Amino acid sequence: MSVTTTTHLNFQGDARAALDYYQSVFGGRIAAVTYKDMGTVQNENEANWVVWGEVAGDNGFHVMAYDVPSQLPWDQGSNPFFVSVRGDDTDEISAMWQKLAEGSTVVRPLEPSQWAPLYGMLTDRFGVTWVLDVAAPYNG
(Lines give C-alpha, C1' and ligand atoms only; values in the text may rest on other atoms or scores of the structure.)
Protein backbone atom coordinates (compact mmCIF):
# COMPACT_ATOMS: atom_id res chain seq x y z
CA MET A 1 0.00 0.00 0.00
CA SER A 2 1.18 3.51 -0.73
CA VAL A 3 -0.13 6.91 0.25
CA THR A 4 0.44 10.22 -1.47
CA THR A 5 -0.57 13.73 -0.55
CA THR A 6 -1.67 16.41 -2.96
CA THR A 7 -2.09 20.07 -2.28
CA HIS A 8 -5.70 21.09 -2.95
CA LEU A 9 -6.10 24.83 -3.56
CA ASN A 10 -9.41 26.62 -3.07
CA PHE A 11 -10.29 29.72 -5.07
CA GLN A 12 -13.40 31.68 -5.89
CA GLY A 13 -13.49 32.05 -9.65
CA ASP A 14 -9.74 31.73 -10.37
CA ALA A 15 -9.22 27.95 -10.27
CA ARG A 16 -9.03 27.48 -14.06
CA ALA A 17 -6.62 30.40 -14.51
CA ALA A 18 -4.49 29.05 -11.66
CA LEU A 19 -4.43 25.53 -13.18
CA ASP A 20 -3.42 26.95 -16.57
CA TYR A 21 -0.69 28.99 -14.95
CA TYR A 22 0.70 26.10 -12.89
CA GLN A 23 0.71 23.88 -15.96
CA SER A 24 2.73 26.53 -17.82
CA VAL A 25 5.26 26.50 -14.98
CA PHE A 26 5.50 22.81 -14.08
CA GLY A 27 4.18 21.04 -17.19
CA GLY A 28 1.80 18.13 -17.02
CA ARG A 29 -1.82 17.63 -17.98
CA ILE A 30 -4.86 19.57 -16.87
CA ALA A 31 -8.16 17.95 -16.06
CA ALA A 32 -11.05 20.19 -15.01
CA VAL A 33 -14.76 19.68 -14.46
CA THR A 34 -17.07 22.68 -14.15
CA TYR A 35 -20.31 23.08 -12.24
CA LYS A 36 -22.02 23.14 -15.65
CA ASP A 37 -20.37 19.82 -16.60
CA MET A 38 -21.65 18.31 -13.34
CA GLY A 39 -25.15 19.72 -13.78
CA THR A 40 -24.90 21.42 -10.38
CA VAL A 41 -25.09 25.10 -11.33
CA GLN A 42 -26.65 27.13 -8.54
CA ASN A 43 -25.51 30.53 -9.81
CA GLU A 44 -25.36 31.06 -13.61
CA ASN A 45 -22.36 33.40 -13.18
CA GLU A 46 -20.44 30.43 -11.73
CA ALA A 47 -21.43 27.78 -14.32
CA ASN A 48 -17.90 27.59 -15.75
CA TRP A 49 -16.16 27.62 -12.37
CA VAL A 50 -14.15 24.51 -11.51
CA VAL A 51 -15.80 22.00 -9.20
CA TRP A 52 -12.77 19.70 -9.51
CA GLY A 53 -9.48 20.24 -11.32
CA GLU A 54 -5.87 19.16 -11.30
CA VAL A 55 -2.50 19.44 -12.99
CA ALA A 56 -0.56 16.18 -12.95
CA GLY A 57 2.84 15.69 -14.53
CA ASP A 58 5.02 12.71 -15.34
CA ASN A 59 7.71 14.36 -13.18
CA GLY A 60 5.54 13.83 -10.07
CA PHE A 61 4.08 17.34 -9.85
CA HIS A 62 0.44 17.26 -8.77
CA VAL A 63 -1.86 20.03 -7.55
CA MET A 64 -5.65 20.16 -7.35
CA ALA A 65 -7.93 23.20 -7.46
CA TYR A 66 -11.56 24.08 -6.84
CA ASP A 67 -13.78 27.17 -7.00
CA VAL A 68 -15.76 27.53 -3.79
CA PRO A 69 -19.28 28.61 -4.81
CA SER A 70 -20.42 32.01 -3.58
CA GLN A 71 -23.15 30.54 -1.36
CA LEU A 72 -20.46 28.88 0.80
CA PRO A 73 -18.13 30.74 3.16
CA TRP A 74 -14.64 31.27 1.78
CA ASP A 75 -11.67 33.20 3.07
CA GLN A 76 -8.27 32.65 1.53
CA GLY A 77 -6.76 33.70 4.82
CA SER A 78 -3.26 34.82 5.53
CA ASN A 79 -0.48 32.23 5.16
CA PRO A 80 -2.83 29.25 5.58
CA PHE A 81 -0.36 26.92 3.83
CA PHE A 82 2.75 26.74 1.65
CA VAL A 83 3.13 24.51 -1.36
CA SER A 84 6.55 22.86 -1.38
CA VAL A 85 8.24 21.79 -4.63
CA ARG A 86 11.42 19.85 -3.99
CA GLY A 87 13.70 18.37 -6.61
CA ASP A 88 17.25 17.13 -6.98
CA ASP A 89 18.23 19.11 -10.09
CA THR A 90 19.24 22.76 -9.63
CA ASP A 91 18.59 23.58 -13.29
CA GLU A 92 15.06 22.16 -13.16
CA ILE A 93 14.17 23.97 -9.92
CA SER A 94 15.73 27.21 -11.21
CA ALA A 95 13.69 27.04 -14.43
CA MET A 96 10.47 26.48 -12.45
CA TRP A 97 11.37 29.37 -10.17
CA GLN A 98 11.92 31.74 -13.10
CA LYS A 99 8.46 30.97 -14.50
CA LEU A 100 6.69 31.03 -11.16
CA ALA A 101 8.36 34.30 -10.12
CA GLU A 102 6.73 36.27 -12.97
CA GLY A 103 4.11 38.50 -11.34
CA SER A 104 4.92 37.11 -7.88
CA THR A 105 6.17 38.67 -4.67
CA VAL A 106 9.48 37.12 -3.69
CA VAL A 107 9.58 36.40 0.04
CA ARG A 108 13.07 34.89 -0.10
CA PRO A 109 15.14 34.75 -3.32
CA LEU A 110 16.12 31.36 -4.74
CA GLU A 111 19.68 30.95 -3.48
CA PRO A 112 21.85 28.63 -1.42
CA SER A 113 20.81 28.24 2.21
CA GLN A 114 22.22 26.53 5.28
CA TRP A 115 20.01 23.49 4.65
CA ALA A 116 19.76 23.26 0.86
CA PRO A 117 21.81 23.94 -2.27
CA LEU A 118 18.92 26.20 -3.40
CA TYR A 119 15.93 27.48 -1.44
CA GLY A 120 13.41 30.22 -2.20
CA MET A 121 9.90 31.34 -1.27
CA LEU A 122 7.42 33.48 -3.18
CA THR A 123 3.73 34.34 -3.22
CA ASP A 124 2.22 34.09 -6.68
CA ARG A 125 -0.40 36.31 -8.29
CA PHE A 126 -3.14 33.98 -6.96
CA GLY A 127 -2.04 34.46 -3.35
CA VAL A 128 -0.43 31.00 -3.06
CA THR A 129 2.93 30.84 -1.26
CA TRP A 130 5.40 28.43 -2.85
CA VAL A 131 8.64 27.06 -1.42
CA LEU A 132 11.05 25.67 -4.03
CA ASP A 133 14.24 23.92 -3.04
CA VAL A 134 16.84 21.39 -4.05
CA ALA A 135 16.90 18.46 -1.68
CA ALA A 136 20.02 17.79 0.33
CA PRO A 137 20.71 14.65 2.34
CA TYR A 138 19.70 14.89 5.98
CA ASN A 139 22.14 13.45 8.48
CA GLY A 140 20.25 13.64 11.73
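Q: What percentage of the residues in the protein are buried?
A: A residue is called buried when its relative accessible area is under 20%. In this predicted model, 39% of the 140 residues fall in that class.

Q: And how much accessible surface does the protein have, and what share of that surface belongs to carbon and sulfur atoms?
A: The protein's accessible surface is about 8,300 Å². Carbon and sulfur atoms hold 48% of that area.

Q: What share of the contacts joins residues 24 or more positions apart?
A: A contact here is a pair with heavy atoms within 4.5 Å. Taking the contacts with a separation of 6 or more, 52% link residues 24 or more positions apart.

Q: Now the largest pocket: how much space lies in it, and which residues are closest to its centre?
A: The largest pocket holds about 310 Å³ of space. Its lining has 16 residues, and Gly-60, Phe-61, His-62, Ser-84 and Val-85 are the closest to the centre. Two or more lining residues come from each of β4 (62-67), β5 (82-87) and α3 (90-101).

Q: Which element gives the largest share of that lining, and how do the lining residues divide by type?
A: That is β5, with 5 residues. By type, the lining has 6 nonpolar, 8 polar and 2 charged residues; Gly counts among the polar ones in this scheme.

Methods:
Residues are numbered from 1 along each chain as its sequence is written. This is a predicted model: local features need pLDDT of at least 70, side-chain atom pairs count only at pLDDT 80 or more; totals for chains, interfaces and linings use all residues. Side-chain values use heavy atoms; hydrogens and water are left out. On a 1 Å grid over the protein atoms alone, a cavity is a set of points where a 1.4 Å probe fits but cannot get out, and a pocket is an open set with protein on both sides within 12 Å along at least five of seven lines; lining residues have an atom within 4 Å of a point. Grid points are joined across faces, edges and corners, and a volume is the space filled by probe spheres set on the points. Helices (H or I, at least four residues) and strands (E, at least two) are DSSP runs, numbered from the N terminus. Buried means under 20% relative accessible area, exposed over 50%, partly exposed in between (1.4 Å probe, protein chains only). Accessible areas come from the Shrake-Rupley method with a 1.4 Å probe; for residues, only the protein chains shown count as cover.
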